[in-house]
Each structure stands twice: as structure tokens, then as C-alpha cells.
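Here's a quick briefing to read alongside the model. Have the sequence and the 3D view open as you go.

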Amino acid sequence: MNRPVTSEDDEFLRVGSREWRIHRVSDLAPPRLPYSLRIILENLLRHGAPAEQVRAVAGWEPRADRAAAVDLHPARVFLHDTNGVPALADLAAMRDAMAELGGDPDRINPAIPAELIVDHSIIADAFGRPGALARNAELEYERNAERYRFLHWGQASLRGFTVVPPGKGIMHQINVEHLARVVMRQDGAAFPDLCLGTDSHTTMVNGIGTLGWGIGGIEAEAAMLGQPVSIVVPDVVGVRLHGALPPAATATDLVLTLTELLRAHGVVGKIVEFHGPGVTALPVTDRVTISNMSPEFGSTAALFPIDAETIRYLRFTGRAAEHADLVESYARAQGLWHDPQSPPGYTADLDLDLATVVPSIAGPRRPQDRVPLDAAKAAFRAQARPEVRARLGESGEEIGHGAVAIAAITSCTNTSNPSVMVAAGLLARNAVRRGLRAKPWVKTTLSPGSRVVMDYYGVAGLTSYLEELGFHLAGFGCMTCIGASGPLIEEVSRAVAEHDLDVAAVLSGNRNFEGRIQPEVRSNYLASPPLVVAYAIAGTMDLDLTTEPLGTDLAGRPVYLRDLWPTADEVRGVVEQVIQPSMFTRAYADVFDGDERWQRLETQSSATFPWDPASTYVRRAPYVAGMPLEPPPVTDIADARVLVKLGDFITTDHISPPGAIPPAGPAGRYLTGLGVPRGQLNTYASRRGNHDVMMRGTFANVRLRNQLVPGTEGGFTPNFLDGGTITTVYETACAYRAASVPAVVLAGEGYGAGSSRDWAAKGPALLGVRAVIAKSFERIHRSNLVGMGILPLQFMPGEGTDELGLTGREIITIRGLGPIGDGLVPPTLTVTAGDIAFQVTVRLDTRREADYYRHGGIMPYVLRGLLA
């Protein structure tokens, strides 16, 4: 393991008539090294990593203590529009700074392929009627033409930057069905497709044997510019699957079961690998559903190793036969081929009998809160408030707490799986034939992640039945899953406001955090697509779908869910008969071509971007403006104030909400003050290229509970420089910055869970937050904090704000930061909060992260490196 890594390590793999140069890992990798670590080891060897990094992976032991860090070089970076626009804005700003400092702006250029999918901007404004898709697409271009022109500029001006235009589907489904290579081919060499993306659900590609995970947009920018991504060598947890799913259980029920299991076990910062005979029985479409929700487990990745089913799927989705052959040959040669009888060694071994999975939903606030379907009514009633009834307009319909206000077949998590989608269509058919309809207060939407879905719905004759229940095609994009749900039905919205109703959303997505799906909806439930249809018909969570009727048929007879549920054989028959490889080939033949609106967007190639000072969407980012050539010295954080004091499981949605911009909030008032009409404020997600909007939206989630102002929700906090006057978080932060008072955040367990949202770190940085002290951090968000120069500090085990008696009103000083200026990371620091002193762990996990912090973040670090 001390031998040098040279070109002599190259071998050749013959596939058909061609030979491919590969970097074989078998000489160094022990036989039971996990599949994911074999991919990481190959990456280190191919890039000439230091011997100690190679030893850290090649010598990996299942139950050893680990602290070694390695530097990985991704094969490609994967982005979407709402994270991609600010990332592109940062690159454009770095080009400006490079030119101002006397360098060549063209050096700011992707060194590896960077692929961006536009899928996060379409909103479900129109729904439940023919033409909803066309209207939503029209509104999308009206709102976002400026952003899309900016993306056009990036594609024209930056080498290796590719854009998939709007309307093609959802990024992860496009990745799985078309873009993912599994094995890359470049200059005669073959190597693993290590895909890192600016969305936490990049892990979906793990379902076809590609190792990939979500990183922050800031880290992605560095990777695009040739910087390695530094990670601590992870623990790897093995999950042995065996048995078979019961006929009534779906892949959605399976992934909700696994989410509950793995969250309870604890896999944050770890890689999960699935193995065993149950894997062999799972189609790839079930596997990608599971891998998609890896962030909901908390794991870095959730890998299914390559096997015959993987190869079949690659061929079926239109990949070239010779490429599928290469993937198989490469996997066998590198020990990446799944052997269900000979599992690798793992840090921990878990077991799941697929036969124990039952129909389930998850909610009302977290993906891991699984509830068996037969207990869903009781669970709802256990948390329901005293009954209130509200009458809806002239119809006379009444709704109460638990009324289903949104039912959405949405998200790549499930729309990538033909079995659950066909089941939803067949259930809709059976319901319509019995005379059932969705309740009039339910907003029903269908937003699949691929055009292939509508092709097979059309051939199977299921589209019209879904439309009869209101599930008209609303768009090919994330929509409801990311909170782009649009407004509720007007009468429902009015009833919620007047009676403080706790209404529900049921969606086939992956996240149901507070305030995420729709600001007026408090309770959110994840469910399989057929259950979404069923709840649209039921119209309420206060119903036991397993024992109570959904309604009555035309003859007045009760109709139960079991009467409508299609058999497994019926679903399988439709899938096998209808879905053909030609559907994928046709859908992706023009994936990089946009429609006429996209092609009409004006753009010009240029070394630097011509910023429009009047723009409300794209502004020059301030992070490297006026940057000195040398980093300033690292100093202690003295006399800081607590900006917010938060509890457990604060998500990036809480910190930087993605949904509609409220007119009354700081961001809404800022935009209307610039002349933007109230009806055109759009979403925070669409305005992530404008730091002035996003910093005003930081900690502004309508469901955020700041313990400094108990009993309130939303972005409010006391200004301790003004006697504790309660103002918005933004206004208080501005007052602190004007007085040169640093800010800190106090939090509990799992701080920064959820999306890999760079603005959840950028926003606090712009508000003057210098450190976050929490009980624990989610992986991606901690990395993002470091990337923006914010210091992540962790309470000692058993300690936290409550245990230490911190009120959040104390003046905070953090001492001992000096060694970081010399590239060293002190293991602990001393914090004083008023009369209380305590130790915290410094969560700069690698030497490279210490360098990032010393420079004030990744962007100045990279820029100084390029100038040097």
C-alpha cells in the first residue's frame, strides 16, 4: 500500500472489439471491501492521491474508528435551475473579480462536465382542467425569461456547461433514464461515473449502481473548477433485503419503511448499501425510489450494486448495447458486480424481510414518521385540534381539520416507477367506472418527472380516467414536491384563514417538512400515487381507508379502497405490455433542445456577464467583490449576539424557504418597493440569483419557531441593541451588522436537514452569522456553512442550550480560533455566554475545510488559488 501510483497501474479491458484502459483496484482492495469504497479507491488511485489517503480506504475495517479524509474528483457535476442559477451567478462574479485582480476571466471555467436541468421553476397555478400544462409553462416563461437568458449565457460562454431546457422532466429521473453513464468513457479510458449534484436527491442514481450524492452549490462550484471534494472516509451500513413484497405493498411503502428503520438506526454521514436475495427480486425502478430518499434516511448515499437487472434497465431505457456491455464487464472486473451470497463487510448489518412491508403513509411533518395505513385515521385524530367546520361558498360543502386541500402525483421519487404510476391510473379507472370523483375542495395535480409517463398512460388508455378525477397534466417538473404548489382553491384558502383550519396535503414526494409544500397547509403526508388518488376521492385524513368506504357508487352502494385497488398481476401486465424502449429513445432524442420559447431567448457569448442593475432576478453576487489577495487573519468571535435560537430538526426549508414570497415579508416589501406587482413576486426558489431577495428571506419560513420569541411563528426575533424590540430577523441582522456586532445561531439536533440548499448558508453569511452552535449537523449543510466561512460548532455529548441553561439573550464570545490561521484545527473551543462557559467541538472535519474557513469560504479560496 506504500507503492507509488503510476501509469503502470493501468490495465486494459476488452469489450467486444474495443479495449478500454482501466485502473484496477483488485490488487489493493480486500475481497470484502464495500462496493462504494471500491469506487472511491479507484478514484484516489486514478488521480494520484497521497499514499495515506489510499491506505485509509484500502485498509478500511468494518468497525474501526475513522477520522481520515480523502480528496475525491467527481466525474461530473449535476445541477438544477434554482441552485444552478446562483452557482452560475457566483462563477460570473468570480470572472469579474478575476478580471479586476488582473487575471484571465476565462480561467473560471468548468474543468469537468457540468449538466444543468431546468425543472424547479414551473408552478402549479393552473390545475384540474385541460390546458393546465400550457398555461403553467406560459407563466413559467413570463416569470423566468430573465433567468433563462442567464442560463443561455452560461451555456454559450462556459465550456463544458450543458443545459436541459424546461419541460423535459425532473433532473433525477432524467439522470436515471438517460444521462447517467454508470461507467464513463473518456480518451480511451473507462472509470466510474462519480456524480455529485447540487440537490440532495442526486442519490437517486445510486439505484443503477452509480455512486453519487448531494453537495452544496458552493462546493459544486469548486468541483467544477477542478477542486477535489474532501470527505471523511465513511462508515458503510449494509442492509440485507430478502423475501418479496406482499401484493398490496408498493415501492413507496418499502421506502417509507426503510426511512423509518434507517433514521432510527442512525446513518447520518454514512453510506448505505443494499444487498442480498431481495435486491435481485427488486426491479431498478423500485431501487431508484429507495435511493432517491437517501437524504430522508440521513445517509450520504444509498447504493444498489450493479447486477443483471441493472444491465437490463440500461438497455431498456435506450442506452447503446455496447455501453451496457462495458458496464457489465467493468463491474465484474472491478468487483462491483452484486453477489447476493457473498456480501461485503459492513460497519453495521441490518435486515429487512420485504414480506413485512405494509401499506403506509408518512407524516404529518417528517418523512421518517411512517404510519401504517390502517392506523392513519387514529394517528390523525391523536394530533387533531378541537373540531371546527367551515362552509365553502354557495356549494354548501363543509370541511374541517384534516380536509385534503392538495392531492399531488408528483416527484421523481415515485413517477420514475411505472408500477406505482400504472397502479394509480388503474385505480382512477376503477373509481370513475364506479361513479366516484375527487372532492371539490381538493387541488389535484399530475406532474411526472419524464415525458415517458404520459406516453405509456396514453397507450394504456389511463389518461382520461385520471383527468376525470382532476389529475390533469400540470407540468413536467418538481412542482408540489418542492413547494411550487401554487395557490389553494380560493374558497379553501379563505376557510383556512377564517377558521384557522389544519388542512392536509397528500403527495407522492419525498419531503413533507413544515411550511414546505404550501404555506397554508400545516399537515403533509407522503403516500404512493394510488393512495394519492384515493385520498383525493376521500377528501379527508379523518377516514380509515382500510375499513370505511371512499364513497358510494351510482347505485348507492358503498365503495371501498379494496374494491378499487388493482391486482399486482394486472399492474404487471400493463407495464410489460405497454412500456417499450422506443418511448425512452423518443423522449430523449431532443433532450437538449428547447421549445420555440427557449430558442427565441436572446443571448451572447462573453468573457464576463453584462449585469443589469435593474434586474430583480440576477444580481452580481457580493462574496468576492473587493476581495484582498491575501486572506485576513483568523480571529476570535467576540461579543456576538444570538440571532435565532432553534430546536431540533431545523431543515434548510426553515432557514431558506423555497416557496411563494409573502408580500408582507421583508423580501416581498423589497420587491414591491422596486415596482414588482404583488402577483408577480414569484417564489424564493426562482429568485436565488438575487442575494438582496434571498437574505431577506433567510429564517423567514412561516412555520419557523424561534425560541427567543416563544408563541410566534415566522421570521421574527428580538433586537438586543434596541432593548429587545421584536422585529424581523432581517431587520435585526441589519442592525447588528451596522453596529459591527457578529451574530451566532443556537440549534438542536439535526440542524440543516433536508435539501442541499446553498442559500441556507449564504443567507446567514450575508446576515452576519459567524458561527452556528448545534447538537448535531446534517452532512451537506455543515459543508455549506464551511463553504461560506461560517464556523460549525457542536455541543459536547449530553449538552445543548437547555442543558446548559442558555436563554439566547447572553453575549457570546468564542475563543481559541487562532490556530486555524496556520492550517490547524483545534479539536475544541471555549464559548462564554454571559456567566456560562462551555466547550464545543470544532466541525472543520478536514484540513481542506480549515483552509476554506481561513480564506472566508470556498470562493475566495479558489479564486486566490487560480490567481497564484
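This is a predicted model: local features need pLDDT of at least 70, side-chain atom pairs count only at pLDDT 80 or more; totals for chains, interfaces and linings use all residues.

Residues are numbered from 1 along each chain as its sequence is written, and side-chain values use heavy atoms, with hydrogens and water left out.

**Helix α3**

- Helices here are DSSP runs of H or I with at least four residues, strands are runs of E with at least two, and both are numbered from the N terminus.
- Of its 20 residues, 18 are buried, so α3 is largely enclosed by the rest of the structure. Buried means under 20% relative accessible area, exposed over 50%, and partly exposed in between, using a 1.4 Å probe and protein chains only.
- After α3 comes Gly102, with a positive phi near 90 degrees.

**Aromatic pairs**

- There are 14 aromatic pairs in the structure. Rings of Phe, Tyr and Trp (its six-membered ring) pair if their centres lie within 6.5 Å; planes under 30 degrees apart are stacked, over 60 edge-to-face, and the rest tilted.
- Tyr148 and Trp598 make a tilted pair, 5.8 Å centre to centre with 55 degrees between the planes. Tyr148 belongs to helix α4 (residues 132-157) and Trp598 to helix α23 (residues 596-600), so this pair ties together parts 450 residues apart in sequence.
- Tyr148 is buried at 0% relative accessible area, and Trp598 counts as buried at 4%.
- Phe513 and Phe649 have ring centres 5.7 Å apart and planes at 75 degrees, so they are an edge-to-face pair. The pair links distant parts of the chain, 136 residues apart: Phe513 is in the loop between β22 (504-507) and β23 (523-526), and Phe649 in the loop between β26 (637-645) and α24 (652-655).
- Phe513 is buried at 3% relative accessibility, and Phe649 is buried with a relative accessible area of 15%.
- Phe150, Trp153, Phe609 and Trp611 are joined into a cluster by ring pairs.

**Charges over rings**

- A charge sits over a ring if NZ of Lys or CZ of Arg is within 6 Å of the ring centre and within 35 degrees of the ring normal.
- Arg687 places its charged end over the ring of Tyr617, 3.9 Å from the centre.
- Lys762 lies over the face of Trp759, 5.6 Å from the ring centre.

**Thr289**

- Thr289 is in helix α9 (residues 284-292), and it is buried at 0% relative accessible area.
- Its side chain reaches the backbone oxygen of Thr413 at 2.9 Å.
- Neighbours within four places in sequence aside, Thr289 is in contact (heavy atoms within 4.5 Å) with Ala251, Val255, Thr413, Asn414, Ser416 and Asn417.

**Cysteines**

- The structure has zero disulfides, a disulfide being a pair of cysteine sulfur atoms within 2.5 Å.
- For Cys412, the nearest cysteine sulfur is that of Cys478, 6.4 Å away. Seen from Cys478, that distance to Cys412 is too far for a bond.
- Cys412 is buried at 4% relative accessibility, and Cys478 is buried at 6%.

Technical notes:
A polar contact is a pair of N or O atoms within 3.5 Å; within protein, one must be able to donate a hydrogen and the other to accept it, and residues adjacent in sequence count only if both atoms are side-chain atoms.
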